[in-house]
Amino acid sequence: MREFGTTVFAEMTALAVRTGAINLGQGFPDTDGPPAMLERAAAAIGGGLNQYPPGPGMPELRQAVAEHRKEHYGLVYDPDGEVLVTVGATEAVSATVLALCEAGDEVLVFEPYYDSYAAAIALAGAVRRPVALRPVDGRFAFDPDELRAAVGPRTRAILVNSPHNPTGTVFTRDELAAIAALCQEHDLIAITDEVYEHLTYDGVEHVPLATFPGMRERTVMISSAGKTFSATGWKTGWVCAPPALTTAVQSVKQFLTFTASAPWQVAVAYALRHELDWVAALRRDLSAKRDRLMEGLSAAGFGVLRPSGTYFVQTDIRPLGFADGIAFTRELPELAGVVAIPTQVFYDRPEFGRHFVRFAFCKRDEVIDEAATRLAALGRR
């Protein structure tokens with residue numbers, strides 16, 4: 001783990017605190033989730049639900065997750081043996097990689113990738129094999145030939161994040177079909193991070209890889225409540241997978257955290273069954289916030305790529321006369337009083353993303369507007 005020091009999120013958040021800048025770096029909302037869900041959690045705490053819940057998760061949450069998978073995607077999972085509750089999707093990804101990858105095994109990842117993926121692969125003693133996402137017709141996409149060429153005799157798994165952080169792309173059916181075909185041809189396990197599954201825009205559909213023929217039995221499907229219900233601090237996630245894979249993941253998870261907070265679990269179970277209208281309203285609100293921030297970024301002189309999902313907008317800083325995202329984001333609080341994230345830190349090959357910077361739009365409108373006003377100073381330099 002020597003290559004993994006302080007995360008870029010910690011660095012940029014500290015920079016925002018030190019300078020008083022608006023933090024559009026880390027992806028967490030500044031408003032709370034459904035009030036009835038929050039009340040369920042408070043009631044659970046007041047009602048004495050404060051001891052260890054079952055290791056696999058509270059039965060009501062596992063049942064609610066299974067119902068959600070069936071209702072939304074037609075995927076049937078047994079809540080007793082094919083659903084595992086985790087401490088957020090980050091633990092789910094780490095426990096899955098640790099459970100299923102031996103030292104020297106290779107894991108395909110699409111770069112830029114969420115930073116915990118690299119750490120999880122390193123902890124397992126495995127090797128990451130990056131496949132680049134590049135801007136094509138206004139969205140980030142991969143080259144199927146490059147993906148195919150990345151597979152070798154030691155390839156064990158592929159980590160698929162869609163909707164994708166940090167690019168905001170949502171993989172198309174054709175892209176997912178190419179991934180599915182590769183998995184079946186080479187007997188690969190697919191680990192799918194779908195935490196933004198409900199946060200897609202412009203009518204773009206999220207399609208789980210597990211819905212493709214032959215993929216349910218080789219896919220570990222991961223999601224969580226944090227982004228869906230604006231409760232990132234609750235760290236309540238889940239794994240859905242065939243029994244053998246779920247058992248393997250639980251065998252690792254039980255020695256990481258053993259279990260997850262019981263009050264959050266019962267509240268999330270309620271939300272999955274009763275608060276998806278709230279989520280639909282959140283999606284509409286975030287779509288408007290995305291457009292609001294994109295307009296401000298464009299006016300400030302950034303090159304802006306339109307995301308189809310997640311909380312994030314990718315920008316090209318070259319039109320402003322900058323070429324290095326790390327240097328730019330370290331200067332940005334002084335230049336404009338705003339903090340962002342340099343995308344290059346999410347690459348094995350940072351030269352592919354050196355000129356991109358990520359901004360988060362999951363903030364109140366007045367915060368976005370103030371950030372846009374401050375960023376306008378860049379265009380007047």
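## About the model

This is a predicted model, where local features need pLDDT of at least 70 and side-chain atom pairs count only at pLDDT 80 or more, while totals for chains, interfaces and linings use all residues. Residues are numbered from 1 along each chain as its sequence is written, and side-chain values use heavy atoms, with hydrogens and water left out.

## Helix α1

Let's start with the helix itself. Helices (DSSP runs of H or I, at least four residues) and strands (runs of E, at least two) are numbered from the N terminus.

Val8, Phe9, Met12, Leu15 and Ala16 are the buried residues of α1 (buried means under 20% relative accessible area, exposed over 50%, partly exposed in between, with a 1.4 Å probe and protein chains only). They cover an arc of only 130 degrees around the axis, so they lie on the same side of α1; the arc is that of the directions from the helix axis to the C-beta atoms. Val17 and Arg18, on the other side, are exposed.

Among the elements that cover the buried residues are α5 (115-123), α11 (325-336) and β15 (356-360).

## The sheet

Now meet the strands. An open sheet is formed by four strands in the order β11-β12-β15-β14, with antiparallel pairing (two strands pair if DSSP finds at least two bridges between them). Its edge strands, β11 (303-305) and β14, each pair on one side only.

Strands β14 and β15 run antiparallel and are joined by two bridges. Ile341 stands opposite Arg358 in β15.

Methods. Contact = heavy atoms within 4.5 Å.
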